[in-house]
Amino acid sequence: MAYLPQYKLNYQDSAPVPQNTYAAQNALVPQNKAATPLRRENYRNPPSQYLGRDGRRPLSILTSDDSGLITQVRDTDRSHDHPRNATPISLKLILQAVEVIFSRVTKPDIHGNLLVPGTASVPTGAHAEALENHEKALHAKLSSFHDNYEIPISLFNAIFSELFCKSLTGEDANKTTMDILHLVQHYDWDEKVVLALGAFSVRDGEFWLVAQLYTTNVLAKAVGTLRELPEILERASTVLKSKFDAYNNLVNTVLKVTKCIVQLQEVRRDPHLTTELESTTSAANIPTAVYWTIRSIVIAASQLLGITGMGPDYVTESWELSSLSHKLENIHSHLQETLNRLHDIILKKKDDEALGAIEYILGTPHIDNTKTLRVLFYKDDQPALYDGYNKKRVDIDVLRRKVVILFLSGLGVAQENEYMIADQMNSEKRQFPTRPESQYEIVWVPIEDNWTEAIYEQFETLRNGMEWYSVFHPSVVSATVIRYIRSKWNFVKKPLLVVIDPQGKIVHTNAVHMMCVFGSAAYPFTNSREKLLWQEETWSMELLADSLDQSLVTWIQEGKLICLYGGEDITWIRDFTRAARTVALEAKIQLELLYVGKSKAKEQKLKSIMRILEEEKLSHVLDWNFIWFFWIRLESMWQSKGQQLKNELLSSSHLRDTDSFSLRNDPVLKGIISLLSFRSSERGWAVIGTGSSMSKANGEHMLRSLREYAAWEIKRREIGFTPALNEYLAGVYKSAPHHCTSLMLPATGLMPETVACAECGRLMERYTMFRCCTD
């Protein structure tokens with residue numbers, strides 16, 4: 001077999017060419033040999049100054065500055081001046097065909113069976129099934145091509161000639177690469193590299209097609225015999241195996257970089273990517289990648305000729321191909337990083353657009369709430385909700401034209417106060433289903449960061465135990481909707497009750513506090529309804545004791561003096577209740593005492609005190625199940641009333657004016673803060689009054705004032721019981737040597753810059769506290 005001279009990869013093949021000419025050859029060859037290609041014997045023993053300690057060429061030659069060369073590469077581009085008669089191509093078609101070729105000729109099971117003719121074995125079992133499925137997949141991919149696509153055959157032939165004919169003359173790889181870039185100058189960057197790879201894959205595929213059919217097809221056997229196929233395959237499996245493996249690795253890397261270039265060009269055409277972002281992140285890198293990819297194809301074509309026709313002495317060294325593969329891997333890594341960054345930018349822009357669309361739909365009234373609900377809940381046209389009361393899957397149409405309350409929470413919701421409030425509201429609604437204020441539905445929407453199998457099982461358990469609606473599956477709520485919930489409704493950990501009106505508009509982003517304070521009277525749970533309710537309220541016993549105990553309603557109607565008190569000091573409780581009853585007898589006043597416990601008290605200790613009160617008949621006792629509600633409702637008053645003041649300040653542009661948020665001018669907030677400051681007291685506290693006339697103080701001062709009733713009895717006859725008591729308490733505050741009052745407020749809503757002490761009126765010091773539990 002005659003061997004033609006084979007072009008060898010010179011040292012400069014992986015380095016940039018001098019800027020003055022892209023046709024320069026052997027740039028790194030000593031001066032006396034610069035005009036002629038390196039001979040084989042010199043190639044196999046390169047000068048020592050180009051080798052590292054391990055005898056291999058330094059990688060710095062492969063990674064030197066490409067700027068001068070890339071300027072020349074860019075100058076070849078005429079893609080913006082695309083001629084009208086240029087053949088339109090389908091990148092998808094060509095790239096899919098290339099992938100089919102390479103996947104078929106580089107698989108180990110194929111080469112392992114065909115490298116030595118006559119030794120092929122028939123696959124059996126699972127291996128045979130896998131091969132059959134692989135073949136079906138390839139056929140399906142090829143069958144998906146449309147007949148109206150055209151392949152630029154003349155251009156393929158021209159590129160093919162550059163790749164496989166000029167290599168035989170020993171032409172410089174850079175020169176061949178630049179010539180190919182001139183051939184494809186009117187095509188875009190991704191089209192340039194795909195065309196070059198397509199032309200190369202034809203030659204690669206034709207050889208291995210004959211190799212695969214050699215033992216079974218007469219025509220293939222005849223062609224293979226004339227091409228000395230057995231000898232070529234034997235060398236490929238023995239003396240040239242390492243070089244063939246390096247060739248395969250290079251080809252696979254070329255394909256990987258090519259696909260990345262195509263993807264990057266597609267992303268750059270995305271309308272969500274602005275010109276500024278696109279130009280600064282990707283455009284400068286693509287010409288570099290295209291040049292080195294086509295240059296690698298040129299080297300691969302030379303290697304393919306050496307393996308399949310020139311003989312082992314004309315095959316490029318494995319380490320050179322590996323070095324080139326390494327450079328391409330670095331290019332691919334950089335392109336992939338850029339691609340990921342651009343994908344993130346596009347995804348964020350798409351998410352922002354989706355968020356804007358969601359915000360518009362949720363903020364705009366519609367004919368009914370169906371459109372809003374379908375934005376929030378969607379599951380492949382399947383029923384998205386679960387009816388906890390009837391235990392079945394239902395469509396969102398069950399919520400049409402109703403007030404819908406979205407209960408947003410994590411999976412620890414059963415331990416939250418918001419859950420108890422929602423449960424109480426739902427129970428009342430079920431009890432009186434025909435009332436106008438019962439025409440609403442609650443939908444639980446669980447939000448978790450990481451859904452595991454265990455967490456999903458917990459979700460199902462909670463869902464099946466609820467009597468209101470919930471999402472049927474967490475996937476019903478998309479990631480974009482969850483992002484909207486977190487960013488627009490400020491959901492972090494605490495549950496929220498977001499209200500949607502019958503027309504699908506969001507009318508309250510957290511109605512739990514108004515529900516807790518006003519109950520069903522808050523229907524339809526809008527911001528305007530909350531504002532109206534507070535405008536009608538004053539600081540009174542009716543507001544403070546509403547819905548706590550049926551006896552309270554009767555006492556208020558009868559005009560009795562009511563005393564709410566709390567604490568855990570049983571000695572003070574005994575002294576206080578006896579002193580209060582004594583004063584009531586002396587003043588001939590009907591007084592009712594009701595013990596309301598202590599905020600976040602220990603259950604065992606509190607129940608022990610309640611038992612003593614009942615056994616010794618010291619006072620009435622609030623039901624254990626309502627003690628927590630008294631204190632939570634008090635906090636909700638702070639949250640709800642504070643939010644209303646915040647909204648008023650925002651609308652009047654006085655948010656920075658702290659005097660406009662003076663608690664001294666708002667009797668409701670002043671009274672709420674007083675009781676919230678009392679809740680931390682171990683000794684006790686008390687509120688006495690009827691209607692809007694009330695007295696409040698800590699346990700020590702209230703007990704002292706009652707014991708000294710004789711000192712203000714005359715004043716009581718003149719102005720009334722609670723006004724006289726308040727006047728006397730003011731003197732007690734001034735004469736007290738020292739007192740310490742603390743106040744803990746939830747860090748939500750509008751926080752006051754200053755708070756006056758509920759007892760002495762002095763400004764309190766401000767501290768910050770972080771708490772991880774509710775004990």
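A residue counts as buried when its relative accessible area is under 20%, as exposed when that area is over 50%, and as partly exposed in between. The legends below describe close-up views of a predicted model.

**View 1. Arginine 400 and aspartate 368 meet in a salt bridge****.** With a relative accessible area of 36%, arginine 400 falls between the two cut-offs and is therefore partly exposed, whereas aspartate 368, at 11%, is buried. The distance from N to O in this pair is 2.9 Å.

**View 2. A network of salt bridges includes aspartate 368 and arginine 400****.** Besides these two residues, the network links Arg374, Asp395 and Asp397. In general, side chains of opposite charge can pair when their charged atoms come close.

**View 3. Glutamate 428 and arginine 435 form a salt bridge****.** The closest N and O atoms of this pair are 3.0 Å apart. Arginine 435 has a relative accessible area of 22% and is partly exposed, and glutamate 428, with a value of 25%, is partly exposed as well.

**View 4. Within helix H24 (residues 603-616), glutamate 603 lies about one helical turn from lysine 607****.** By the rule applied here, the count of salt bridges in the model comes to 29.

**View 5. Helix H6 (residues 153-164) crosses helix H8 (residues 189-213)****.** The axes of the two helices come within 9 Å and cross at roughly 70°, which means that H6 is roughly perpendicular to H8. On the H6 side, the residues in contact are Leu155, Phe156, Ile159, Phe160, Leu163 and Phe164, and they meet Leu195, Ala196, Gly198, Ala199, Phe200 and Arg203 in H8. Sorted by class, this contact has 10 nonpolar residues, one polar residue and one charged residue.

Notes
Residues numbered from 1 in each chain as written. Predicted model: local features only at pLDDT ≥ 70, side-chain atom pairs only at ≥ 80, totals over all residues. Heavy atoms only, no water. Axes fitted to C-alpha atoms, helices over the stretch in contact; angles between N-to-C directions. Helix = DSSP H or I, 4+ residues; strand = E, 2+ residues; numbered from the N terminus. Parallel < 35°, antiparallel > 145°, perpendicular 65-115°, else oblique. Contact = heavy atoms within 4.5 Å. Nonpolar A, V, L, I, M, F, W, Y, C, P; charged D, E, K, R; others polar. Salt bridge = Lys/Arg side-chain N within 4 Å of Asp/Glu carboxyl O. Buried < 20%, exposed > 50% of the residue type's maximum accessible area, 1.4 Å probe, protein only.
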